[in-house]
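I opened my notebook for a look through this one, and I am writing down what I looked up as I went.

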Amino acid sequence: MIGDTLSSWLRTLRHDLPASLVVFLVAVPFSLGIATASGAPPAAGLIAAVVGGVVAGSLGGSAVQVSGPAAGVSVVVVELVRIHGWRATCMITLLAGAVQLVLGVVKAARVVPVLSPAVVRGLLAAVGVILALSQLHVVLGGQPQLSALANLADLPGQIAGLHGHKVALGLFTIVVLALWTRLPERVRAVPAPLVALPAAAGVAWLSGWDVTRVDLAGSFSGWGFPVLPSADWHTIVGAVLLVAMLGSVESLLGATSADGGHPGRRADLDQELAGQGVANMVSGALGGLPIAGGIVRTEANVRAGGRTRSSSILHGVWVLVFAVGFGWTVRLIPLEALAALLVFTGVRMAGLARLRKGRGHGEVPVYVVTVVSVLVLGLAEGVLAGLALAGLLALRRLTWVNVRRREEQDGRLHVTVTGSLTFLGVPRLTHGLRSIAAGTPVDLDLTIDFMDNAAFEAIHSWRLDHERTGGTVDLDEPYDEWYALAARGTRTGRSPDRRWVPWTPRTRPGRRTIPDDGGSTPATCTEGSRELHHRAAAPVRPIFTELAGKQQPTHLFITCADSRIVPSLITASGPGDLFTVRNIGNLVPRRGSEPHDDSVVAAIEYATQVLGVRTITVCGHSGCGAMAGVLSAGVQAGSLPGLRRWLRHGNHSLARFIETEGDRLHNGALDVLCRVNVQQQLENLRTYRKVDEQVRAGKLELVGLYFDIGSARVHLVPPLRSSLSVKL
């Protein structure tokens, strides 16, 4: 017990203590800047930093997140202070914390991931724009206006009437912050604010510029208990819910993001939400700003090596010590530099990276509408507008059914239906199908992710009518059997991806089959060719068009002829990647061995000396029949003389096996021999002079793989410890 406690203290001293000092140095200017931007007493920012570090750090569910006054909430607080006054704003903070505590207790944090990510990103981006615009006026020597649009409209006038030294100092701070992010990572280990703000203070002091200073004098002496706002109850409730929502979203997103930057325990989001609630209640009661998890502070903590909550708690202690004993030093920091720091933070919050994340999922309209609505209408209204549009787009996706038609050369009509087939999309689906002329032979592909009963009835009814009027329907479902199983009345769950299903399980009602006429091509192969033409040829045709001129494989893949081995599947390779050699037992005859065989040798020579492959892979597998024949000394080959001669090439593998396992067979002997055989074939490859030379020169790599059929897993087979390389 004592040893565990001592170990914990040593870990804190080694990692969390230095990290807490770094976070403390970042938190102080941020807290002061956010307090000033919020229209609150400067001390309110330091109170929130202390409470966020000690209370939220102790009770929260994240190991590395550091809480304090939040830049995202400041755009709400400035309006609350203007309307209700500071003490009433503190009461709103306290009540918002109570709401967060209740949400954490009832485990409501799981609801946050349900919100459209585009709405959340749009909200944070809009908050960043509002923050940057308001503080840009301070940087330019003026005063921020009441709204984002007013700030934007007043910006040209501010730029035209620049206020000398104050503007220069603010712009200097922004330039330092921006340039610092482009320096090498080793340099960026020191957070940018730790460089920019002291540099700005030094420039102002050396130049003797007249800048605005932050003053804590009297900030702690005028404390009074929070009071209820003198407003309608619905106004108060709206303000409380808005502060709680913004603080919760910023904290939970920050905790989730922080999980990707450290190897420790993942965050408990419900506990984090409850901890944030208690911290906001304490901060509001003591006269502090609303609290949330801070991305900048958390990043500084992770970069500095913080591993446990101790770094967050200690940073709060250092802020308290600073406020009590060294508060006078705050006067050294120019207000314009703090405003520049918040401008830079706001621009990062509104970065285009948030827009790019939703571009591939069709969420850009939701993002844009949320941003614009927040800027024009307000935070709550903007979020509601974004959620409404996200809901409408989701509903539209449920109703959107795409019916594409393509005439084939053989006179058949290929029809592809894509989308989610629900009752909402039945009118569009029915219109597309009933436009097909009677008597037409149709190949119908249902490339869908869902089908309800109304959609099934519509397709089934059309199909019966079309076949009744002389047409034919060859219905195929490439990825799932919604129609087929609904026709049987056995829709109980999802089926596997048909692309990897053997031919026999693919047979189902509704698919036209070609009878086996006794020719050389089985009906299943013919069906497979038709499936290629009707479904797969179009998307892969550009690839094969590019490959038509010549082949440029990167691997020579030597594997067994066993029908269960699919090289492209187990290596996730595509057309043109593998130059494949398949034989019974994935054997590579040694140079000069008997019986003489040139087929494998020819492939090796062509692959290494003409195609210039960089890798040769030998892949064995479990339960190999060839190795069973080698293990039985050819007995299992029976009366097949060619097979018995071929299996002699596996005698070196058998000798290796006996050398390590002895001549006593055991239950796992066959699979051991299969692995040893892979190693031996890699050695056999080295008996070819050109191969050996390329391996020695580092131009060619030999790799051994073992495919366990039962578990569908591929294992890397290490080479033999002693190389039997032979130069010939």
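In which hand does H4 pass H10? I found a left-handed crossing; a crossing is called left-handed if the near helix is turned anticlockwise from the far one by less than a right angle, and right-handed if clockwise.

**Ground rules.** I noted that this is a predicted model, where local features need pLDDT of at least 70 and side-chain atom pairs count only at pLDDT 80 or more, while totals for chains, interfaces and linings use all residues. Residues are numbered from 1 along each chain as its sequence is written, and side-chain values use heavy atoms, with hydrogens and water left out.

**Overview.** I read off 28 helices and eleven strands for the protein chain; helices (H or I, at least four residues) and strands (E, at least two) are DSSP runs, numbered from the N terminus. The chain has 728 residues, and 47% of them count as buried. Buried stands for under 20% relative accessible area, exposed for over 50%, and partly exposed for what lies in between (1.4 Å probe, protein chains only). I also looked up contacts, meaning heavy atoms within 4.5 Å. Among contacts with a separation of 6 or more, 74% come from residues 24 or more positions apart.

**H4 and H10.** Back to the pair I started with: the axes of H4 and helix H10 (residues 269-286) come within 7 Å and cross at roughly 160°. Axes here are lines fitted to C-alpha atoms, for helices over the stretch in contact, and angles run from 0 to 180 degrees between N-to-C directions. H4 and H10 are therefore roughly antiparallel. The cut-offs I used are under 35 degrees for roughly parallel, over 145 for roughly antiparallel, 65 to 115 for roughly perpendicular, and oblique for the rest. On the H4 side, the residues that meet H10 include Cys90, Leu94, Gly97 and Leu101; on the H10 side, I noted Leu273, Gly277, Val278 and Met281 among them.

**Glycine 97.** I stopped at glycine 97, which is in helix H4. Is glycine 97 buried or exposed? Glycine 97 counts as buried, at 0% relative accessibility. Neighbours within four places in sequence aside, glycine 97 is in contact with Gly277, Val278, Asn280 and Met281. I also checked leucine 241, 144 residues away from glycine 97 along the chain: their C-alpha atoms are separated by 9.8 Å.

**H3 and H4.** Next I took helix H3 (residues 71-84) and helix H4 (residues 86-105), whose axes come within 7 Å and cross at roughly 130°. That makes H3 oblique to H4. From H3, Val77, Leu80, Val81 and His84 make the contact, and from H4, Trp86, Ala88, Thr89 and Ile92. H3 passes H4 in a right-handed crossing.

**H2 and H12.** Helix H2 (residues 42-59) and H12 pack with their axes 8 Å apart, at an angle of about 150°. They are therefore roughly antiparallel, and the crossing of H2 and H12 is left-handed. The contact includes Gly52, Gly53 and Gly57 of H2 and Gly316, Val317 and Leu320 of H12.

**Rings.** How many aromatic pairs did the count come to? I got two, where rings of Phe, Tyr and Trp (its six-membered ring) pair if their centres lie within 6.5 Å, and planes under 30 degrees apart count as stacked, over 60 as edge-to-face and the rest as tilted. Phenylalanine 24 and phenylalanine 322 form an edge-to-face pair, 6.1 Å centre to centre with 65° between the planes. This pair links helix H1 (residues 2-37), which holds phenylalanine 24, with helix H12 (residues 309-325), which holds phenylalanine 322, 298 residues apart. Phenylalanine 24 is buried at 14% relative accessibility, and phenylalanine 322 is buried at 12%.

The rings of phenylalanine 579 and tyrosine 606 have centres 6.0 Å apart and planes at 35°, so I logged this pair as tilted. Phenylalanine 579 lies in strand E8 (residues 578-583) and tyrosine 606 in helix H23 (residues 599-611), 27 residues apart. Phenylalanine 579 is buried at 17%, whereas tyrosine 606 is partly exposed at 38%.

**Positive phi.** Lysine 107 has phi near 60°, and its place is in the loop between H4 and helix H5 (117-139). Asparagine 586 has phi near 40° and is found in the loop between E8 and H23. Lysine 107 is partly exposed at 44% relative accessible area, whereas asparagine 586 is buried at 2%.
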